[in-house]
Amino acid sequence: MRCQLCLNLSWQPICKNCLDTLFIPTLSKRVLDDGLEVYYFYKYSEISKLLHTKHTYIGAKIFLQLSRYALTPFAKTFENQDIYILPIDDHIRSGYSHSAILARSISSYVKPIYGALRAKNKIRYSGQKLSTRVKNKRDFELKCRSGIDVVLVDDIVTTGNTLMEARQCCEKANINVLFAITLADARE
């Protein structure tokens with residue numbers, strides 16, 4: 001296989017040299033309007049081309065590689081705590097779920113709960129305006145036991161509406177959302 005960026009031979013879609021020089025994760029925090037803290041590792045513009053692969057076969061490998069590189073060191077700090085990771089709408093599309101891949105990459109440190117938080121509204125938000133996002137809420141359905149602490153995980157925080165709606169759904173079911181983790185923040 002060749003690196004998707006420099007075309008050098010590599011066992012992974014992105015070679016170690018490109019990861020170490022082009023995609024150095026920087027832990028940052030954004031606080032949404034409802035007070036939810038979202039930790040992210042890249043600005044959207046830094047990895048947008050990689051994020052756009054999420055609906056392709058190679059995207060599964062790229063998401064796994066980026067999440068192991070960025071999310072795993074952060075998740076180690078929660079090892080041996082009774083915290084669950086809740087992927088946002090981990091319904092399988094294009095052969096895989098990008099949010100489930102992110103959750104799986106840190107499953108050695110926090111326990112994932114797959115298939116628990118699914119959107120009933122299947123509209124794609126990618127490239128849509130804020131008005132479309134506000135008008136077409138995700139309408140989440142939650143299938144999870146109450147009384148637990150969770151961390152929400154998704155690929156990008158854009159407006160924050162999806163994460164805030166997911167948090168509201170969890171709180172109605174007596175689930176404590178500690179914070180959210182994403183690979184990137186679209187607000188720059």
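A salt bridge is counted here when a side-chain nitrogen of Lys or Arg lies within 4 Å of a carboxyl oxygen of Asp or Glu. The model is predicted, so local features need pLDDT of at least 70 and side-chain atom pairs count only at pLDDT 80 or more, whereas totals for chains, interfaces and linings use all residues. Residues are numbered from 1 along each chain as its sequence is written, and side-chain values use heavy atoms, with hydrogens and water left out.

**View 1. The salt bridge of Glu37 and Lys29.** The closest N and O atoms of Glu37 and Lys29 are 3.2 Å apart. Glu37, at 28% relative accessibility, counts as partly exposed, and Lys29, at 43%, also counts as partly exposed (buried means under 20% relative accessible area, exposed over 50%, and partly exposed in between, with a 1.4 Å probe and protein chains only).

**View 2. The salt bridge of Arg167 and Asp34.** The side chains of these two residues meet at 3.5 Å, N to O. The pair links distant parts of the chain, 133 residues apart, with Arg167 in helix H6 (residues 161-172) and Asp34 in the loop between strand E1 (28-31) and strand E2 (37-40); helices (H or I, at least four residues) and strands (E, at least two) are DSSP runs, numbered from the N terminus. Arg167 counts as buried at 16% relative accessibility, while Asp34 counts as partly exposed at 32%.

**View 3. The salt bridge of Lys54 and Asp155.** Here the closest N and O atoms are 2.7 Å apart. Because Lys54 lies in the loop between helix H2 (44-51) and H3, and Asp155 in strand E8, the pair ties together parts that are 101 residues apart in sequence. Both Lys54 and Asp155 are buried.

**View 4. His98 in helix H4.** His98 is found in H4, which spans residues 98-105, and it counts as buried at 17% relative accessibility. Leaving aside neighbours within four places in sequence, His98 is in contact with Lys54, Phe63, Asp154 and Asp155, where contact means heavy atoms within 4.5 Å.

**View 5. Helix H4 and its surroundings.** Seven of the eight residues of H4 are buried, so this helix is largely enclosed by the rest of the structure. The buried residues of H4 pack against several elements, among them helix H3 (57-75), strand E4 (83-87) and strand E9 (176-185).
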